[in-house]
Amino acid sequence: METVVVKVGGSAITWKSKVKAARVDAVKAIARELRKASSKARILLVHGAGSFGHPIARRYGITTSSGGAHGVAETRLSLLELSYMLLKELNEAGVKATLLSPMALMVARRGRIDKIFTEPIARLLDHGIMPVLHGDVVSDLEACFTVVSGDQIACRLAVELKASRVVFGVDVDGVLDERGGVVRELSLSRLSEYSMQQKAPDVTGGMAGKLMEAKAALEAGIPVVVGNAVKPGVLSKMICGEPVRCTLVTL
Ligand SMILES: Nc1ncnc2c1ncn2[C@@H]1O[C@H](COP(=O)(O)OP(=O)(O)OP(=O)(O)O)[C@@H](O)[C@H]1O
Ligand SMILES: [Mg+2]
């Protein structure tokens, strides 16, 4: 069975322009999609922080300074609420999923994952359990703490675990051109031709940051797609590598 890394974005599971507002119906829809796809692929799930992370991390300056211990605790407590809600919906939908805390599995250096312990993740996959991680506050060897995005974690793990595909599920149908149409194939070498305006707060670079992270997976020969996580049928098809309206990212 193929191993597929799925990142469901905070844009899909939360209302990103608010603070700590979950999109419960979207989470339920995503849980159904993951249930459908889980019979055909070994899925490693990473969820974004959305409005449970970015506004709080930004308020404490975790990305720009050492953050304070208080900011770290508060940001991670908020993230845990979102993880709990997602995990509950997954298990209710019949997905055997369990949470692994990224902070306990890795350390970063200047915002980039430096060392990562992947064995617990691989073992869960081997035993038919869906590991769930998330964008997190991580200890940084040079800056106390840093935010490591779910996008970075997803692509790094895809490389480490030799995944067949990385699927980014977001609240839009893919990478959009200036007229709002889906770019069906996007070469990273032509990224500057597209506008990447970020309305909601995102401390890790929004769509542009996500696409930059994709580079590591692409360089390892792992295909990357970006598409709608919430629309029925789309996420499961992307996971299974079936044709559906989304963006295929290339080098
Ligand atoms: N050209 C573009 N095409 C598609 N989306 C774009 C584009 N430019 C900006 N965006 C924004 O990027 C967002 C997706 O990136 P963002 O990082 O905000 O979400 P996410 O990764 O799902 O959230 P999180 O970081 O919390 O996991 C979309 O909601 C969209 O508003
Ligand atoms: Mg983001």
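Figure 1. Of the 27 residues around the ligand, Gly 9, Gly 10, Ser 11, Gly 48 and Met 207 come nearest. A residue is near if its C-beta atom, placed from the backbone, lies within 6 Å of the molecule. Helices α1 (10-13) and α8 (206-219) are the elements that give two or more residues to this shell. Helices (H or I, at least four residues) and strands (E, at least two) are DSSP runs, numbered from the N terminus.

**Figure 2. The open sheet.** Eight strands line up as β3-β6-β2-β1-β9-β11-β12-β10, with mixed pairing. Two strands pair if DSSP finds at least two bridges between them. At the edges, β3 (97-99) and β10 (185-187) each pair on one side only. From one strand to the next, the twist averages 25°. Strands β2 (residues 41-47) and β6 (residues 130-134) run parallel, joined by three bridges. Leu 45 has Val 132 in β6 as its bridge partner.

**Figure 3. Two helices on the sheet.** Helix α2 (residues 24-37) touches β1 (2-8), β2 and β9 (165-170), and its direction makes about 155° with that of β2. Helix α7 (residues 150-160) packs on β1, β2, β6 and β9, at about 175° to the direction of β1. Contact means C-beta atoms, placed from the backbone, within 7 Å. Axes are lines fitted to C-alpha atoms, for helices over the stretch in contact; angles run from 0 to 180 degrees between N-to-C directions.

Figure 4. Buried means 20 or more other C-beta atoms within 10 Å of the residue's own, all placed from the backbone. Just after α7, Lys 162 takes a positive phi of about 50°.

**Figure 5. The largest nonpolar core.** This core has 72 residues; Val 5, Ile 30, Ile 43, Leu 45, Ala 158, Val 166 and Ile 239 have the most contacts inside it. Such a core is a set of buried Ala, Val, Leu, Ile, Met, Phe, Trp, Tyr and Cys residues joined through C-beta atoms within 7 Å. Helix α2 gives the largest share, seven residues.

**Notes.** Residues are numbered from 1 along each chain as its sequence is written, chains are lettered from A and ligands numbered from 1 in the order written. In this predicted model, local features need pLDDT of at least 70 and side-chain atom pairs count only at pLDDT 80 or more, while totals for chains, interfaces and linings use all residues.

Methods
Buried ≥ 20, exposed ≤ 12 C-beta atoms within 10 Å, placed from the backbone.
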